[in-house]
Amino acid sequence: MKRPAKLATADKALVAAATAAIEQRYRNDWQEVGAALRTRSGKIFTGVNLDAYLGRMAVCAEAVALGRAFVDLGDDGIDMIVAVRHPPPEDNDQTIAVVSPCGACRELIFDYDPKARVIVPNGKTPAVVPIGELLPNKYSRGPER
Ligand SMILES: [Zn+2]
């Protein structure tokens with residue numbers, strides 16, 4: 001993996017948007033992750049995860065943000081995306097921090113923009129990496145091209 005890039009001002013604003021979304025909608029065990037994405041045309045969309053009593057019906061925050069973007073703009077691509085996790089109330093450290101997208105979201109992000117960049121944890125300060133670096137040997141329905 002190449003050395004990850006540092007966050008630009010606009011990327012810090014994206015982290016802030018994801019943080020604001022989960023701060024507003026946090027419910028213990030139900031909504032714990034916020035996400036924000038910036039489309040290729042520069043618009044920002046946020047989402048929170050939708051947990052469900054029937055676990056397999058749960059939807060990730062990134063997918064909610066992408067759905068909102070797609071409804072408003074159609075296929076406008078993903079320039080940058082980030083997810084953040086709100087800790088449960090029993091944690092001493094209540095810092096809302098950047099988390100990596102799960103494997104399913106990596107597939108989803110790649111499907112909607114193979115050149116998307118993702119803000120990921122990187123020690124004390126998050127970093128930017130291309131989605132392709134988070135998803136080597138991506139799943140394919142057909143033969144490799
Ligand atoms: Zn996910």
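In the residue classes used here, Ala, Val, Leu, Ile, Met, Phe, Trp, Tyr, Cys and Pro count as nonpolar, Asp, Glu, Lys and Arg as charged, and the others, Gly among them, as polar. The model on display is predicted.

**First stop: the cavity**

Please select Leu 37, Thr 39, Leu 66, Ala 69, Phe 70, Gly 74, Asp 75, Asp 76, Gly 77, Ile 78 and Tyr 112, which together line the largest cavity. The structure holds 1 cavity of 30 Å³ or more, and the volume of the largest cavity is about 60 Å³. Sorted by class, its lining comprises 6 nonpolar, 3 polar and 2 charged residues. Next, highlight helix 2, residues 61-73; this element gives the most to the lining of the largest cavity, contributing 3 residues.

**Second stop: the zinc ion**

Now centre the view on the zinc ion and display the side chains of Cys 60, Cys 102 and Cys 105. Their SG atoms are the protein donors of the ion, lying 2.3 Å from it. Along the sequence, these donor residues follow the spacing C-x41-C-x2-C. Cys 60 and Cys 102 link distant parts of the chain, being 42 residues apart. To trace this link, select the loop between strand 2 (44-48) and helix 2, where Cys 60 is found, and then the loop between strand 4 (97-99) and helix 3 (103-112), which holds Cys 102.

Keep Cys 60 and Cys 102 selected and switch to a surface display. Cys 60 has a relative accessible area of 28% and is therefore partly exposed. Cys 102, with a relative accessible area of 35%, is likewise partly exposed.

Note on methods
Residues numbered from 1 in each chain as written. Predicted model: local features only at pLDDT ≥ 70, side-chain atom pairs only at ≥ 80, totals over all residues. Heavy atoms only, no water. 1 Å grid on protein atoms, 1.4 Å probe; cavity = no way out; pocket = protein on both sides within 12 Å on 5 of 7 lines; lining within 4 Å. Points joined across faces, edges and corners; volume = space filled by probe spheres on them. Helix = DSSP H or I, 4+ residues; strand = E, 2+ residues; numbered from the N terminus. Donors = N, O, S within 2.8 Å, 3.2 Å for Na, K, Ca; no water. Buried < 20%, exposed > 50% of the residue type's maximum accessible area, 1.4 Å probe, protein only.
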